[in-house]
Amino acid sequence: MNKIFTAIKEQAVSDSIEMFDDIDALKSQAKRMLRMMESAQMMPMEIKLDDWDGKSLDQLSFLFGFGQGTLSMFLDCVASDDRAQLEADLLQSIQSQKPCDVKCRLQLNDGTTSWVRYQADYTISTTKNSASLYGFLTDISDSTSMQEAFYEAEEKYRLIVESSTGFAILTINLDGNVSSWNVGAERITGWKADDIIGKSSSLFFTPEDRENGGFEEELKNALKHGMAEDERWHMRADGSRFWGSGLMMPLKEKDGRNKGFLKIVRDQTEKRQEETRRELLVGELNHRVKNTLASVQSIAQLTLLSKPEPADFVESFTARIIALSRAHSLLTRKSWKNVQLSDVLAEALSPFHDQNHLRIQFKGESVVLTPQQAIALNMTFHELVTNAAKYGALSVKDGQLDVLWHLTDENRLTIQWHERSDLPVTQPLNKGFGTRLIQQSITGELSGKVEFDFNHSGFRCFIEVPL
Amino acid sequence: MNVIPFPRGGGNSNPKRVLIVEDESLMALLLEHLLQELGYEVVGICASIHDALSFIDKEFFDLAILDINLRGIESYEVADKLDDHRVPFIFSTGYDVVKLLKPYREYPTLQKPYEMQSLKSELEKLPFFQKKKILT
């Protein structure tokens, strides 16, 4: 470049010397020079140092393009924030007699500022015994504001990544090793950045995913589709698991080559567990509805065997369905737990209890039943009380029903059903669906024992069930 | 052991003997009724895994209807034992089939509630009937 400049300068100077005599030619040459400098957005600027008192920069003479004045004229244009730094940089250069390269903002007339750069050499002219900083002032406002915006944006992203505690944000290099690890990743996984950076990122994948290639699959999908959904269990440092929900994305070089991966994951363990709970609940509900419908089907078909007449059938069928429904209502009120035997008995006897409250008595200690025990005992009591109302103690005026229960030391529940009336005791229970249901419920379903006693003082039923 | 023996089903001089493994009494009694109607003999109703396992050891029977969920426990152990004794069986369930563990999804399954016709056709599909046709 220097050779070119020298060649051009020699030619130009030889031509321009002839112009010194022609004032008009000089004027037009000066105008052209100005236009060239404007379009290059640079202007020669010289700060003369030979008349300096060594104290205030303000009084130094200053030549700018074709104008001149004191340096204070220039310094007054510098944005107040930048002025002290600029003066310090200039002083440093002058005192050390070294070139200077400084940047500052100039305050413009319209109120905006613009970045300029002053690059100058410290030159000493021995013949004139003078020194000056001689160089160019360049308008760098465009490139500087872009750079600033870039740095600002990058700083913002850096802050977001570093301060995100809710998101694990990490990068993985092409070897599959962790290359960065934010505080969110530390918080969610329990691994400190220092402990995991440089190690294989498969560490926080589950052993199953490592074995069945889930990790490689995710990387492949990220490359293939530009991003891969990442919904899977991950490992924490302490060996526990968390449900990570997020994305894996490839990181590209400028030329499009892949240089690694970015993974952003949220800890959604609670949400996942809630979903699992809901799925289980819906499944359980479905199961119960189907089982209940199957029970209704059983009651219908089995009731029909002993009650072929429509009117009889409807009465008996409806009563059984209502008994089942009452048991379910009771269980629902108690959230399917902590159901008391006395509550089950009260529900089963309630259709007969109101008009017979003096004739029905039941007592025993507090006994908590499982839902299955509650439903089985409820159906048993329903069959017994229906029988009592039709053929037994509750079918006559002065009949009496006592239900007593007791919990043995071996945690076995014994229940005595005792009817008293003047009626001769027959064996109506010995046949039919009611008896079969009681037997199957107590001996089969509840692994207990049941005995029917038809002695002369009234019908008795003795039930024993392990709790 | 809480197994209630039942009288033989009428009509057939040599009825096939069936075990019902079911913890819901109403369901068990319905099954018993349906099976008797179809000409089978119900040899027992077991309501727990424990009861079913000891019943299999003691009694001879030709087939079984097995509820998948017995008192909250899946009855795979009973299924395995029936398999060991070469007794064909049908799963009975209120759950969807997908709830079954994979190796058990191959077995015939009846969804509750079910009707006599589907019970009949599942029973007739059991391998037992391929070898030795008894029902007309």
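Visitor: Before anything else, when does a residue count as buried, exposed or partly exposed?
Guide: A residue is buried if 20 or more other C-beta atoms lie within 10 Å of its own, exposed if 12 or fewer, and partly exposed in between. Bear in mind that this is a predicted model.

Visitor: What does H14 of chain A pack on?
Guide: On a sheet, where helix H14 (residues 432-445) touches S17 and strand S18 (460-466) of chain A. The helix direction makes about 140° with that of S17(A).

Visitor: How many strands are in that sheet, and in what order?
Guide: Five, in an open sheet of chain A that reads S13-S15-S16-S18-S17, with mixed pairing. Strand S13 (360-363) and strand S17 (449-453) are the edges, each pairing on one side only. From one strand to the next, the twist averages 10°.

Visitor: How do S15 and S16 of chain A run, and how many bridges join them?
Guide: They're antiparallel, with eight bridges between strand S15 (residues 400-407) and strand S16 (residues 412-420) of chain A. As one example, A:Leu401 has A:Glu419 in S16(A) as its bridge partner.

Visitor: Which other residue has a positive phi without being a glycine?
Guide: A:Gln97, with phi at about 55°. A:Gln97 sits in the loop between helix H4 (80-96) and strand S4 (100-107) of chain A.

Visitor: Is A:Gln97 buried or exposed, and why?
Guide: Exposed, because A:Gln97 has 12 other C-beta atoms within 10 Å, and 12 or fewer is the cut-off for that class.

Visitor: Switching topic: which residues touch the most other members of the largest nonpolar core?
Guide: A:Val344, B:Val18, B:Ile20 and B:Val21, out of 73 residues in that core. Helix H13 (residues 371-390) of chain A gives the most to this core, with nine residues. There's also a second, separate core of 21 residues, including A:Phe215 and A:Ile264.

Visitor: What does B:Val21 touch?
Guide: Leaving out residues up to four places away in sequence, the contacts of B:Val21 include B:Cys46, B:Ala52, B:Ile65, B:Leu66 and B:Val78.

Visitor: How many residues does each chain put into the contact between A and B?
Guide: Chain B gives 19 residues and chain A gives 22 residues. On the chain B side, helix H1 (residues 25-37) gives the most, with seven residues. That side divides into ten nonpolar, five polar and four charged residues.

Visitor: Where's the cis peptide bond?
Guide: It joins B:Lys112 and B:Pro113, and omega is about -10°. B:Pro113 belongs to the loop between S7 and helix H4 (116-125) of chain B.

Visitor: Last one: where does B:Leu100 lie, and what is B:Leu100 in contact with?
Guide: B:Leu100 lies in the loop between strand S6 (89-93) and strand S7 (109-111) of chain B. Beyond neighbours within four places in sequence, B:Leu100 is in contact with B:Ile68 and B:Arg105. B:Ile68 is 32 residues away along the chain, with 8.2 Å between the C-alpha atoms of the pair. B:Leu100 is partly exposed, with 19 other C-beta atoms within 10 Å, whereas buried takes 20 or more.

Methods: Residues numbered from 1 in each chain as written. Chains lettered and ligands numbered in written order. Predicted model: local features only at pLDDT ≥ 70, side-chain atom pairs only at ≥ 80, totals over all residues. Pairing = 2+ DSSP bridges. Helix = DSSP H or I, 4+ residues; strand = E, 2+ residues; numbered from the N terminus. Axes fitted to C-alpha atoms, helices over the stretch in contact; angles between N-to-C directions. Contact = placed C-beta atoms within 7 Å. Nonpolar A, V, L, I, M, F, W, Y, C, P; charged D, E, K, R; others polar. Core = buried A, V, L, I, M, F, W, Y, C linked by C-beta atoms within 7 Å.
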